[in-house]
Amino acid sequence: MAAATTLAMTMASTLKPSTALSFTSRAIHFNRAAATKFQSTRLFSTETETPAPVEETSTSIYETQAEALSKVQSPFLRTMRDRGFLHQCTNIEELDKNMANKIKEGGALNAYLGFDATADSLHVGSLLQIMILRHLQQSGHKPIVLIGGGTSKVGDPTGKDESRKLLTDDIILQNTQGISKVFETFLTFEGKEGAKDAPSDAIMVNNNDWLSTLKYLDFLRDYGTQFTINRMLSFESVKQRLTRDAPFSFLEFNYMILQAYDFLELSRRYDAKLQLGGSDQWGNIIAGTELARRCDSNQLFGLTAPLITTSDGKKMGKTANGAVWLNSDRLSEYDYWQFWRNTSDDDVIRFTKLFTELPLEEIEKLAEFKGADINKAKIVLADEATALLHGRECLGQIHETINNMFKNKKGSQSTDSLPRIFVASDALNEGVKFADLFLDLKLASSKKEARRLIQGGGAKLNDTKITDETGILTIADFGDSKEVTLRAGKKRAGVVEIQ
């Protein structure tokens with residue numbers, strides 16, 4: 001029961017903006033009865049819900065492990081601590097010692113983080129993890145980017161109400177190619193032309209390389225005995241799915257085993273010592289550290305970051321118009337900038353610590369802004385976050401567009417940084433529905449939403465309000481110009497150009 005009580009205390013904690021939750025150096029072991037008792041209480045919820053009544057005892061790592069955190073020597077863990085990245089960690093003192101010793105010896109500690117290929121672009125929800133890898137490399141350690149080409153065939157059940165749609169090999173390959181390119185923006189990889197390889201240079205690997213060649217019976221005999229159903233049922237990702245109405249398939253149930261095996265395989269192939277991830281992956285990470293200990297007598301470490309929500313409790317990275325994608329072919333630089341500019345007052349300082357590289361001293365100065373001056377801090381956040389992903393050179397065009405659109409500057413107005421689509425003149429002669437154009441420009445996530453936008457008076461053609469939800473854009477609307485601007489509300493716009 002002591003272990004069950006510990007779990008209840010851990011799961012009862014509420015994540016605060018500047019803190020992360022506690023860690024334990026071992027996975028929490030308890031029986032099925034205890035699991036059932038506590039299955040409605042969650043480490044982190046992606047939905048708004050009323051938590052079960054539990055004892056209000058803080059288990060924040062910043063409180064329960066304050067002394068250990070104050071003594072960490074490795075630059076990486078100091079950065080994680082000071083900027084609010086920490087949630088849980090296995091044996092942080094020993095990990096700190098290992099990281100510090102690697103640097104003293106002129107080497108690097110190898111750490112990995114996995115990304116499944118479930119879409120052709122990552123979104124802002126993955127950015128926290130990418131920033132962790134960037135800080136890891138800047139601290140002198142080696143990031144291993146694991147693309148889940150193999151695990152994407154199974155589907156991670158964590159945080160899902162129902163089974164993921166099964167993807168074909170062709171789609172997984174296409175998605176793998178799509179998500180891989182963003183890492184080159186944030187990390188330096190081995191084999192870069194004209195540069196000498198350093199111990200901290202990143203590598204990218206795909207777990208399909210070893211998972212696709214496994215022999216089922218051999219795998220069960222070699223590793224199946226290392227996992228118990230009782231233990232697997234105790235982990236939060238499993239318990240969450242068991243409370244849902246949708247069936248929890250045996251396929252998804254195996255995801256934890258495959259992720260644990262990934263850690264073992266990466267430790268053998270690439271000497272990976274640390275797995276990084278979101279707090280919802282804690283159980284899977286612990287399973288990997290225990291598998292390596294039992295099979296290879298190898299001490300591995302796990303470190304998780306909080307799953308970020310906004311101050312009003314909503315999941316970070318989702319907007320009314322869908323996901324905030326990282327690839328520019330899915331979301332323009334301008335719309336990406338606007339996402340950060342629209343950060344709430346209560347979140348701007350926390351997000352600046354997590355998603356920019358501004359020194360903490362400068363961020364503390366931004367925290368002093370009050371009232372309307374907070375908007376200056378939001379612009380700094382938007383500029384710095386956008387520059388990290390798309391390059392600082394795009395900021396001038398974004399600022400010019402904003403000045404032209406929202407400050408009514410005289411003279412010609414540049415639309416170069418706005419999302420743009422091309423429509424054939426033949427189609428315009430017949431007319432193209434505004435609802436379709438708003439959808440194509442990603443100013444609406446569906447035709448239904450586009451029609452609601454028009455009904456609500458938020459849709460404009462140039463500066464003229466669109467009133468007919470079934471209205472069409474014709475060649476006559478262009479006048480002597482080759483393009484028109486469609487506006488969705490006050491801050492979002494796109495261009496339709498004659499092809």
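Helices and strands are DSSP runs, numbered from the N terminus. In this predicted model, Leu-86 falls in the loop that links helix H5 (75-83) to E1. Leu-86 has a relative accessible area of 0%. Buried means under 20%, so Leu-86 counts as buried. In sequence, 217 residues separate Leu-86 from Leu-303. In space, their C-alpha atoms are 7.6 Å apart.

The mean pLDDT is 82, and 83% of the residues reach 70 or more. For residues 1-59, however, the pLDDT is below 50. This stretch still has 113 contacts in the model, beyond near neighbours in sequence. Where pLDDT is low, the predicted coordinates should not be read in detail.

The sheet comes next. The 6 strands form an open sheet with mixed pairing, in the order E1-E6-E5-E2-E3-E4. Strand E1 (88-89) and strand E4 (203-206) stand at the edges. Each has a single partner strand, so one side of each is left without a neighbour in the sheet. E1 runs antiparallel to strand E6 (residues 301-305), and 2 bridges join them. Gln-88 has Thr-304 in E6 as its bridge partner.

Helix H7 (residues 127-138) lies across strand E2 (110-116), strand E3 (142-148), strand E5 (272-278) and E6. Its direction makes an angle of about 160 degrees with E2. Helix H15 (residues 255-270) lies across E2, E3, E4, E5 and E6. H15 runs at about 145 degrees to E5.

Methods:
Residues numbered from 1 in each chain as written. Predicted model: local features only at pLDDT ≥ 70, side-chain atom pairs only at ≥ 80, totals over all residues. Heavy atoms only, no water. pLDDT = per-residue confidence, 0-100. Contact = heavy atoms within 4.5 Å. Pairing = 2+ DSSP bridges. Helix = DSSP H or I, 4+ residues; strand = E, 2+ residues; numbered from the N terminus. Axes fitted to C-alpha atoms, helices over the stretch in contact; angles between N-to-C directions. Buried < 20%, exposed > 50% of the residue type's maximum accessible area, 1.4 Å probe, protein only.
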